[in-house]
Amino acid sequence: MQPMKSILFVCLGNICRSPMAEYIFKDLVTKAGLSDQFKIASAATSNEEHGNPVYPPAKRKLNEHGISCEGHAAHQITRAEYKHYDYIVAMEPRNLQRLRPIIGDDPDGKVSLLLDHTPATDIQHHNRGIADPWYTGDFDEAYEDILIGCKALLEEMKECL
Ligand code: 4NP
């Protein structure tokens with residue numbers, strides 16, 4: 001059996017984008033028959049939403065696609081989690097700035113942006129952040145962008161399983 005890969009998705013509040021990424025990615029790996037090869041979770045850079053479930057419009061969007069997010073409780077990333085996970089996948093550049101005081105430097109090169117896992121030729125998505133639906137109100141756009149990023153990330157991971 002191959003070693004398990006662990007991924008921690010990160011956003012500002014851990015109630016919209018990073019849990020959407022967590023549960024979408026879990027759904028993709030389950031459908032690919034690979035769930036025993038991944039440990040997948042999500043966390044916030046802020047402590048504002050500590051203990052809260054997925055924000056209702058984000059939960060509705062996941063449920064529309066047959067994806068459950070029951071039992072989610074938001075939490076702030078810790079330095080211990082940085083060390084524990086193989087990949088720390090953030091939603092937007094601002095998350096990277098806010099990660100810095102919590103985790104320090106990234107000597108292991110674990111931190112990336114979700115949409116940077118799309119091919120560089122995908123100029124519509126590569127090298128940009130996932131807009132925050134907490135502010136934009138556009139949960140359709142967030143879902144579609146996160147799905148594209150998660151599919152690209154899984155394809156990349158499959159190559160090193
Ligand atoms: P998220 O969205 O980072 O995608 O979970 C937000 C959720 C809550 C807040 C900001 C963004 N907030 O300021 O409470």
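A polar contact is a pair of N or O atoms within 3.5 Å; within protein, one must be able to donate a hydrogen and the other to accept it, and residues adjacent in sequence count only if both atoms are side-chain atoms. The model is predicted, with local features requiring pLDDT of at least 70 and side-chain atom pairs pLDDT 80 or more, while totals for chains, interfaces and linings use all residues. Residues are numbered from 1 along each chain as its sequence is written, and side-chain values use heavy atoms, leaving out hydrogens and water.

View A. A backbone N or O atom of G13 lies 2.8 Å from an oxygen atom of the ligand. For I15, a backbone N or O atom is 3.1 Å from a ligand oxygen atom. R17 places a polar side-chain atom 2.8 Å from an oxygen atom of the ligand.

**View B. The shell around the ligand.** The surrounding residues, with a heavy atom within 4 Å of the ligand, include C11, E49, D132, W134 and Y135. This shell comprises six nonpolar, two polar and three charged residues. Here Ala, Val, Leu, Ile, Met, Phe, Trp, Tyr, Cys and Pro count as nonpolar, Asp, Glu, Lys and Arg as charged, and the others, Gly among them, as polar.

**View C. Cysteines without a disulfide.** The structure holds zero disulfides, a disulfide being a pair of cysteine sulfur atoms within 2.5 Å. The sulfur of C150 is too far for a bond, because the closest cysteine sulfur, in C11, is 12 Å away. Likewise, the sulfur of C160 is 16 Å from the closest cysteine sulfur, in C150, too far for a bond.
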